[in-house]
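Dear colleague,

I am passing on the structure we spoke about, together with some notes on helix packing and on the ligand site. Please read the notes with the coordinates open beside them.

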Amino acid sequence: MTQHDRLLIIDFGSQVTQLIARRLRELNVYCEIHPFQNVTDAFLAEFRPRAVIFSGGPDSVTREGSPRPPASVYELGVPILGICYGQQVMMQDLGGKVDGGKISGGGGTAEFGRAFVTPADERLPLLDGWFSGGREQVWMSHGDHVSRIAPGFKVYGTSPNAPFAITADPERNFFAVQFHPEVHHTPNGKALYANFVRLAGFRGDWTMGAYRAEAVARIREQVGDRKVICGLSGGVDSSVAAVLIHEAIGDQLTCVFVDHGLLRLGEADEVVGMFRDHYNIPLIHADEQDLFLGELEGVSDPEVKRKTIGKLFIDVFQKHANAIEGAEFLAQGTLYPDVIESVSFSGGPSVTIKSHHNVGGLPEKMGLKLVEPLRELFKDEVRALGRELGLPDKFIGRHPFPGPGLAIRCPGEITRDKLEILRKADAVYIDQIRKHGLYDEIWQAFVAILPVRTVGVMGDGRTYDYACALRAVTSVDGMTADYYPFTHDFLGETATRIINEVEGINRVTYDITSKPPGTIEWE
Ligand code: XMP
């Protein structure tokens with residue numbers, strides 16, 4: 001197996017450390033984030049990075065016991081880039097001086113937000129492509145500041161509040177910047193990372209083609225001739241994991257797709273058709289609609305709905321998994337953001353490990369070992385891998401769909417009638433969005449059927465039917481969201497279509513709540 005060039009990001013607790021990894025992955029550079037506590041001399045010797053980046057962080061290097069890398073990092077002979085707190089760490093470690101700002105009680109100048117950096121006379125290869133317009137916008141977020149740079153370093157860029165905005169020791173390829181080049185508000189930040197990895201000699205060998213071949217080899221080695229089961233939700237992650245594993249071990253993989261009766265129009269057929277007919281992957285299609293909808297009868301409390309569905313899902317999955325003789329592994333579509341060990345935001349020494357939330361609780365109960373071939377990937381890399389594996393674009397680009405499905409888009413009691421109406425209305429709405437070319441601009445769009453009926457008039461008759469709400473949001477990660485600003489023409493046309501085409505709905509509203517204070521789903 002090829003050994004990729006590896007870049008090490010030492011995490012000092014910045015809220016945007018993950019973005020550094022994102023920028024590097026976009027440059028086809030393989031990198032890993034490790035909390036500073038874990039980076040020891042032995043770790044560095046084993047990891048053998050081709051370059052190192054020190055992240056930002058909330059602490060102050062003027063505080064005794066503040067986070068530091070091991071001194072041996074400076075002896076590796078590889079380029080180092082220090083960002084914000086990372087810059088201050090470098091300066092302090094290498095003989096410069098840092099003064100406390102407002103946050104650490106030093107009274108100096110703190111600086112948060114947009115700033116403009118202007119270049120020094122001498123050029124630095126790290127800044128190729130910078131300053132063509134004379135100055136560059138950058139994003140600052142620091143309390144402390146460097147008051148004296150370390151021996152060997154020179155200044156290559158300044159801002160009004162940061163005389164040492166960009167410094168470097170070109171002899172050793174040590175670079176230190178006060179701002180955050182990884183964030184959106186430093187528009188030319190990507191060029192800085194591109195220059196850094198070029199100077200470090202990275203070959204850009206982290207491609208999805210290479211990843212696919214290596215992942216296949218790794219799965220074969222792990223699984224041998226034993227069997228794997230995989231719960232399919234119809235979402236992108238579990239689908240890509242299943243297709244990849246199937247490529248590695250063929251029919252040793254069996255997928256279980258649980259249809260809880262809360263799927264969208266045609267969804268079960270689409271998933272089953274794709275996996276069974278197109279990919280020839282052994283698939284158990286567990287039609288458990290009666291079980292789920294039966295248990296949900298009369299339930300209107302959102303939490304009870306979620307818990308009921310979660311428990312039944314595990315029961316059903318387990319029942320089918322038990323029937324697969326010799327299954328020793330469970331496949332999960334766990335992604336890198338779920339497994340990164342990041343320094344907690346509080347800046348304390350404790351390490352936060354995000355808990356897996358894919359098929360939570362299953363593995364231990366079932367005594368199965370895990371196969372998680374997407375553990376090193378970000379969401380958009382999973383999509384790229386899906387394309388590499390030949391999954392249809394339409395499938396890969398689908399909006400997220402929650403595990404509890406339509407149950408949480410049907411406030412109040414769930415009935416088969418309401419679900420039927422909801423499915424049809426949702427299909428018309430999504431069709432409208434696709435026809436207007438808006439699907440990819442929107443993070444998630446769906447219809448919720450409301451637990452009220454309203455009076456209307458159609459033709460010469462009176463109607464008394466359900467009202468529904470359209471929801472469409474933009475978001476980066478689902479944690480915060482804005483409602484999508486459709487035109488009135490679009491909304492009017494969509495409302496007319498839904499009312500004309502879907503029997504049972506006579507009123508359409510548009511939900512203009514952002515998150516927070518709302519959530520994306522209605523329950
Ligand atoms: P909320 O409603 O919390 O949703 O703003 C944020 C994102 O998470 C999805 N979501 C879920 N996904 N199981 C899932 O797999 C769930 O129980 C669940 N609840 C919400 C939601 O669709 C949105 O993308």
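In this predicted model, helix α1 passes helix α4 in a right-handed crossing. The two helices, α1 spanning residues 17-26 and α4 spanning residues 189-199, pack at an angle of about 65° with their axes 10 Å apart, which means that α1 is roughly perpendicular to α4. On the α1 side the meeting residues are I20, R23, L24 and E26, and on the α4 side they are K190, Y193 and V197; sorted by class, the residues of this contact are four nonpolar and three charged, with no polar ones.

As for the ligand, the residues around it are R306, P400, P402, G403, P404, W443, Q444, G478, K515, T519, I520 and E521. Among them, R306 places a polar side-chain atom 2.7 Å from an oxygen atom of the ligand, Q444 has one that lies 2.8 Å from a ligand oxygen atom, and for K515 the distance from a polar side-chain atom to an oxygen atom of the ligand is 2.6 Å.

Technical notes:
Residues are numbered from 1 along each chain as its sequence is written. This is a predicted model: local features need pLDDT of at least 70, side-chain atom pairs count only at pLDDT 80 or more; totals for chains, interfaces and linings use all residues. Side-chain values use heavy atoms; hydrogens and water are left out. Axes are lines fitted to C-alpha atoms, for helices over the stretch in contact, and angles run from 0 to 180 degrees between N-to-C directions. Helices (H or I, at least four residues) and strands (E, at least two) are DSSP runs, numbered from the N terminus. Angles under 35 degrees count as roughly parallel, over 145 as roughly antiparallel, 65 to 115 as roughly perpendicular and the rest as oblique. A crossing is left-handed if the near helix is turned anticlockwise from the far one by less than a right angle, and right-handed if clockwise. Contact means heavy atoms within 4.5 Å. Ala, Val, Leu, Ile, Met, Phe, Trp, Tyr, Cys and Pro count as nonpolar, Asp, Glu, Lys and Arg as charged, and the others, Gly among them, as polar. A residue is near a molecule or strand if one of its heavy atoms lies within 4 Å of it. A polar contact is a pair of N or O atoms within 3.5 Å; within protein, one must be able to donate a hydrogen and the other to accept it, and residues adjacent in sequence count only if both atoms are side-chain atoms.
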